[in-house]
Amino acid sequence: FAWQKVWPLSQESDCEQTFIDSERIEIETVNFFSSSIILLIGGRRFAFPMNDSLHLHVWGFDTTIGSIVCYDAVGKPNEIPIERYKYAVCVINQTSFLLFGGRNFNDTWIATIPIGSRSLQWRRIVAATGKSPESRYKHTMVKTTNAIIMYGGVPDDSGVCSQEKWHFDLASMSWNNTT
């Protein structure tokens, strides 16, 4: 096995140039979003001294052509999540994924990328019941048949790992604490 550096096929968007120009840490990955795409989401660019910058760009590594493609978010600024880091992402199906939290955030978003498209549409989910997990970072999520299970993480500023388990029902789009 040998590692190979990959580049976008074109320079069509600022998002692609950002991927080329910046080294990132804390990028979230979603393995095999579709049959041939592995998503790379966001990240934190660490620059010395103390010049961190956060990003929520979404790239896909297309395993069929061996290249990075960029998905440009469409919508008004309040319809797109604010940049963050140490959040969790989980695939819902071949066109959608769920993002929750991150340091200082407890919001829930679903992103949809139509098959064959280079655009991404975000939708904020506000639970009808008003229940949702408190803000946290370094948590993990996994999809079951009809739900996404979130476990653990560090509630902001506490420094203590949570033992909470939350269940996000995909039919009702609501959170329940199942600890």
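In what order do the 4 strands of the open sheet lie? They follow the order 10-11-13-14, and their pairing is antiparallel. The structure is a predicted model, in which local features need pLDDT of at least 70, side-chain atom pairs count only at pLDDT 80 or more, and totals for chains, interfaces and linings use all residues. Residues are numbered from 1 along each chain as its sequence is written, and side-chain values use heavy atoms, with hydrogens and water left out.

Strands are DSSP runs of E with at least two residues, numbered from the N terminus, and two strands pair if DSSP finds at least two bridges between them. In general, strands of a sheet pair through backbone hydrogen bonds.

Within the sheet, strand 11 (residues 147-151) and strand 13 (residues 165-169) form an antiparallel pair over 5 bridges. Ile-149 faces His-167 of strand 13 across this pairing.

The open sheet has the order 10-11-13-14. Strand 10 (140-143) and strand 14 (174-177) are its edges; each has a single partner strand, so one side of each lacks a neighbour in the sheet. From one strand to the next, the twist averages 25 degrees (axes are lines fitted to C-alpha atoms, and angles run from 0 to 180 degrees between N-to-C directions).

Two loop residues also deserve a look. Asn-104, in the loop between strand 6 (96-100) and strand 7 (108-112), has a positive phi of about 75 degrees without being a glycine. Lys-138 sits in the loop between strand 9 (136-137) and strand 10. Lys-138, also not a glycine, has a positive phi near 65 degrees and is exposed at 55% relative accessibility.

Note on methods: Buried < 20%, exposed > 50% of the residue type's maximum accessible area, 1.4 Å probe, protein only.
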